[in-house]
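Q: Please examine the ligand site of the model shown here and set each description against its definition.

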Amino acid sequence: MAEETVFGKIVSGEIPVKILAETDRVLAFPDIAPQAPVHIIVIPKTTAYANVTELAAAEPETLAEMITVAQQLATEHASGEYRLIFNTGAGAGQTVFHVHAHVLAGNLEERTLVGA
Ligand code: AMP
């Protein structure tokens, strides 16, 4: 079994977060270190997938649901336009190996990069 991540602990309730959206399969909460005026993390509740490639291959419908939730949050918290980032692999800046989308919105600078 994969090692438990901070997002696994958020799913189980061990680490409390402000839940911004929740469906049967998906959870969203604010990033603890925001890189944009709106910076929300969207995750599947399953802990089975480390990155978006694995999720897309195994459960494309869950990935589609994450994107629907991202759009709803960008509409609710900003203009409805947003940047969606899936850091994939440590070399690309991924630090939490539970697949997650960064939803960035609200007056984004041209060069806004997660983790930069
Ligand atoms: P990544 O570098 O793509 O793996 O992104 C992981 C993100 O998770 C970072 O932007 C962190 O700021 C964020 N993060 C880590 N711990 C928490 C937490 N407890 N609550 C919310 N966001 C977190």
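Q: What makes helix 1 the element with the largest share of the lining of the largest pocket?
A: Helix 1 supplies three residues of that lining, the largest share. Helices (H or I, at least four residues) and strands (E, at least two) are DSSP runs numbered from the N terminus. Strand 2 and strand 3 (38-44) each supply at least two lining residues as well. This is a predicted model, in which local features need pLDDT of at least 70, side-chain atom pairs count only at pLDDT 80 or more, and totals for chains, interfaces and linings use all residues. Residues are numbered from 1 along each chain as its sequence is written, and side-chain values use heavy atoms, with hydrogens and water left out.

Q: Why is this space called a pocket?
A: On a 1 Å grid over the protein atoms alone, a pocket is an open set of points with protein on both sides within 12 Å along at least five of seven lines, and lining residues have an atom within 4 Å of a point. The largest pocket holds about 420 Å³ of space. Of its 25 lining residues, the closest to the centre are F7, D31, I32, I41 and V96.

Q: Where does the ligand sit?
A: The ligand takes up the space of the largest pocket; the criterion is that more than half of a molecule's atoms lie within 2 Å of the grid points.

Q: Which elements each supply at least two residues of the shell around the ligand?
A: Helix 1 (6-12) and strand 2 (26-30) do.

Key:
On a 1 Å grid over the protein atoms alone, a cavity is a set of points where a 1.4 Å probe fits but cannot get out, and a pocket is an open set with protein on both sides within 12 Å along at least five of seven lines; lining residues have an atom within 4 Å of a point. Grid points are joined across faces, edges and corners, and a volume is the space filled by probe spheres set on the points.
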